[in-house]
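Here is a short tour of a structure, meant to be read with the coordinates open beside you. Take it topic by topic, and follow along in your viewer.

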Protein chains: 2
Amino acid sequence: MAENIGMTARAMMNMALDKLRVVAPRENPRGEKACSAASGAHSILEEARVFATLDEALADVHYVLASSARPRDMTKPVLSPDEAPERLLTHLKNGEKTALLFGPERTGLENHELVAADGIIEIPLNPKHRSLNLSQAVLLIGYEFFKATHGADFHHACLETGQAQPADKQSVKALLTHLEDALAQRNYFRFPDKEERMRRNLENIFTRNALTASEVKTLHGVITDLTRPLP
Amino acid sequence: MAENIGMTARAMMNMALDKLRVVAPRENPRGEKACSAASGAHSILEEARVFATLDEALADVHYVLASSARPRDMTKPVLSPDEAPERLLTHLKNGEKTALLFGPERTGLENHELVAADGIIEIPLNPKHRSLNLSQAVLLIGYEFFKATHGADFHHACLETGQAQPADKQSVKALLTHLEDALAQRNYFRFPDKEERMRRNLENIFTRNALTASEVKTLHGVITDLTRPLP
């Protein structure tokens, strides 16, 4: 269906995958419906290749991994989505053509189609609710490939937090109210156009470092004492 | 919007997350539209709690991670989706209430809302196409939590034999003997200096893909039938 093809193109674009082959589509993968669902990923649809059969689509491909629940009556290597990229990229580096294979929206891939794959990628899902849209399967598997190929660009620094009894949000909020009210009374927010940012900056200081319950108590005391008139 | 809430419930169900809090929804999160989009995840909507403000929704929560692109003008720990579960689960094991915070469909979380979070989860995405649906963000982050908590149930010997018994080496060897003897009788190994390599190549074909016992039986039948004279 055109909408599923469009949403798949969009998920591919999110994950920097760009070569789409469509097998026996029911509707035009470059029509208006598909393009509208693709929102921003038109180029993938424009360059998509359409084939009448799966065999034709895979004719020049050397290594194929298919997204599917593990088949019961077939012997295939089964990989998790995070194991798949390394496996496929090894073949890619050998100069092979590689492909990820997804089934249609409702039925998924049939056994006679899975036969064409060198392995299965099984997405871990709640056994009580395993139904995923086509484009969601593309998104999740594409995500693991994007992590494997571009993950280094997204390096994440972590700030470490303490071990003591943490304050809950309610008491942090009360502390901030205490502080900001006291400051407001003292004309701290004297520039109206800066007030919102000044408040936000203050709030950030006290939320980002995981205050403990006893630190909150301490800070209430600090504010109270600071706002006492000098003797 | 009701449809986004329903699709979010569905993504949560896929990833075995079940406690939903909705802040200031524009439409009824338990109405017909939401339930229809949730297809199969009604229970999450039925048990969802609705709050007028974010502060109220987070009042009893100790630790919050917000899904967002990293904010430019704010100092917050930024985690990748695969770093987030360990961090959050540590707090959970301490007996704290924890939450994942997602923004509305189009705008995402505003800075004054991000302030409430102890950290940011940034999903790695193609910088040229970063737009994700709300339910897709829930799906991707939920997926990493599902992997972290249920991943062990899902695998992964690289080979899934299903119900089938793998063939032992002895029966593979017997199959190869059957094949090579049949070929030898038909003068297949007619060049003595190549015979060893030809045998080795054949053996490789049938040993590297972990045949099952019943596949070995099938191949015996194939050889037998192939070597039968034509009627």
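In what follows, a residue is buried when its relative accessible area is under 20%, exposed when it is over 50%, and partly exposed in between. With 47% relative accessibility, Asn187(A) therefore counts as partly exposed. Please keep in mind that this is a predicted model.

**Backbone: positive phi values in chain A**

- Most residues other than glycine have a negative phi.
- Asn187(A), though not a glycine, has a positive phi of about 65°.
- This asparagine, Asn187(A), lies in the loop between helix 8 and helix 9 (192–207) of chain A.
- Ala16(A) is another non-glycine residue with a positive phi, near 60°.
- You will find Ala16(A) in the loop that links helix 1 (2–14) to strand 1 (21–23) of chain A.
- Ala16(A) is partly exposed, because its relative accessible area is 34%.

- Ala174(A) belongs to helix 8 (residues 169–185) of chain A, and its relative accessible area of 38% makes it partly exposed.
- Between Ala174(A) and Pro71(A) there are 103 residues of sequence separation, and the two C-alpha atoms are 56 Å apart in space.
- Leu226(A) is part of helix 10 (residues 213–226) of chain A.
- Is Leu226(A) buried or exposed? Its relative accessibility is 68%, so Leu226(A) counts as exposed.
- The C-alpha atoms of Leu226(A) and Val50(A) are separated by 73 Å, with the two residues 176 apart along the chain.

- Glu144(B) sits in helix 7 (residues 134–150) of chain B.
- This glutamate, Glu144(B), counts as buried because its relative accessibility is 3%.
- Which side chain makes a polar contact with the side chain of Glu144(B)? The partner is Tyr143(A), at 2.7 Å.
- Beyond its neighbours within four places in sequence, Glu144(B) is in contact with Tyr143(A), Glu144(A) and Lys147(A) from chain A, and with Pro81(B), Asp82(B) and Pro85(B) from chain B.

**Ser67(B): a buried strand residue**

- Ser67(B) is located in strand 3 (residues 63–67) of chain B, and at 14% relative accessibility it counts as buried.
- Leaving out residues up to four places away in sequence, Ser67(B) touches Leu101(B), Phe102(B), Leu109(B), Ile121(B), Ile123(B), Ala137(B) and Ile141(B).
- From Ser67(B) to Asp82(B) the C-alpha distance is 13 Å, for 15 residues in sequence.

**Helix 1 with helix 7 in chain B**

- Helix 1 (residues 2–14) of chain B packs against helix 7 of chain B at an angle of about 15°, and their axes are 8 Å apart.
- These two helices, helix 1 and helix 7 of chain B, are therefore roughly parallel, and their crossing is right-handed.
- From helix 1 of chain B come Asn4(B), Met7(B), Thr8(B), Ala11(B), Met12(B) and Asn14(B), which meet Leu134(B), Ser135(B), Val138(B) and Leu139(B) in helix 7 of chain B.
- By class, this contact of helix 1 with helix 7 of chain B has 6 nonpolar, 4 polar and no charged residues.

**Helix 8 and its two partners in chain B**

- With helix 9 (residues 192–207) of chain B, helix 8 (residues 169–185) of chain B packs at an angle of about 140°, the axes lying 11 Å apart.
- Helix 8 and helix 9 of chain B are therefore oblique to each other, and helix 8 passes helix 9 in a right-handed crossing.
- Residues making this contact include Leu176(B), Leu179(B) and Leu183(B) of helix 8 and Leu202(B) and Phe206(B) of helix 9 of chain B.
- The contact of helix 8 with helix 9 of chain B divides into 7 nonpolar, 1 polar and 4 charged residues.
- Helix 10 (residues 213–227) of chain B is another partner: its axis and that of helix 8 of chain B come within 10 Å and cross at roughly 10°.
- That crossing makes helix 8 of chain B roughly parallel to helix 10 of chain B.
- Among the residues in this contact are Leu175(B), His178(B) and Ala182(B) of helix 8 and Leu219(B), His220(B) and Ile223(B) of helix 10 of chain B.
- The contact of helix 8 with helix 10 of chain B has 8 nonpolar, 5 polar and no charged residues.

Key. Residues numbered from 1 in each chain as written. Chains lettered and ligands numbered in written order. Predicted model: local features only at pLDDT ≥ 70, side-chain atom pairs only at ≥ 80, totals over all residues. Heavy atoms only, no water. Helix = DSSP H or I, 4+ residues; strand = E, 2+ residues; numbered from the N terminus. Buried < 20%, exposed > 50% of the residue type's maximum accessible area, 1.4 Å probe, protein only. Polar contact = N/O pair within 3.5 Å; in protein donor to acceptor, adjacent residues only side chain to side chain. Contact = heavy atoms within 4.5 Å. Axes fitted to C-alpha atoms, helices over the stretch in contact; angles between N-to-C directions. Parallel < 35°, antiparallel > 145°, perpendicular 65-115°, else oblique. Left-handed = near helix turned anticlockwise from the far one by under 90°. Nonpolar A, V, L, I, M, F, W, Y, C, P; charged D, E, K, R; others polar.
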